[in-house]
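Here are my notes on the charged side-chain pairs. Please read them with the model open.

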Amino acid sequence: MQYVAPVAIGVLYALLMSFVREPHRRRLNAVMLAGAGAAYLSGGGLGGWEFAFTALIAYVAFRGLDSWTFIGIGWLLHTAWDVVHHLKGNPIVPFAPTSSLGCAICDPVIALWCLRGGPSLIDLVRRRRRGRRPGTGESTPAEPAGAGHPGTGAQVPSGSSG
């Protein structure tokens, strides 16, 4: 359970964020990343390095206001910081000794979702359901060819030439 729960929390995070429409979803995630970057400040376990890491994440989060890639990279950086804190014995939640390990497991789940462009998981499920014929379990095409790129909402004309 110690390893499964953090994965479930990462998926739940992405699911809850799916209720926020773009571009607000990306911007909110940048703010969440910035907050996570400052999570270890009160523990001070790594001294001045805590401030340097917080400044780095603040910069990455700022760049993330316009880029899912930067947000994903920021969560991966936070994962590395979690591992350092877990090994040093200075957990993110002082009364939960393995909390940094849990965070190090959860954060890459969020990072992968961000690196895929932070798609709405709700919309993905809806598209999958639409792609099945009722009662048969057989698939039907969910979207016509060239309908768009997943997660971007951009329409691509079918049969267009460059």
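Which residue forms a salt bridge with Glu22, and how far apart are the closest N and O atoms? The points below start there.

1. Arg25 is a partner of Glu22. The closest N and O atoms of this salt bridge are 3.8 Å apart. Bear in mind that the model is predicted.

2. Glu22 also forms a salt bridge with Arg26. Here the closest N and O atoms are 4.0 Å apart. The cut-off is within 4 Å, so a pair listed at 4.0 Å sits at that limit. Please look at this pair on screen.

3. Taken together, Glu22, Arg25 and Arg26 make up a network of salt bridges. Glu22 takes part in the pair with Arg25 and in the pair with Arg26.

4. Arg25 is buried, because its relative accessibility is 7%. Arg26 has 15%, so Arg26 counts as buried too. The cut-off for buried is under 20%.

5. Another salt bridge joins the side chains of Asp123 and Arg126. The N to O distance is 3.7 Å. Both residues lie in helix H6, which covers residues 121–130. Asp123 and Arg126 are 3 residues apart, about one turn of the helix.

6. Is Asp123 buried or partly exposed? Asp123 is partly exposed, because its relative accessibility is 33%.

7. For the overall count, a search of the whole structure gives 3 salt bridges. Among them are Glu22 with Arg25 and Asp123 with Arg126.

Key. Residues numbered from 1 in each chain as written. Predicted model: local features only at pLDDT ≥ 70, side-chain atom pairs only at ≥ 80, totals over all residues. Heavy atoms only, no water. Buried < 20%, exposed > 50% of the residue type's maximum accessible area, 1.4 Å probe, protein only. Helix = DSSP H or I, 4+ residues; strand = E, 2+ residues; numbered from the N terminus.
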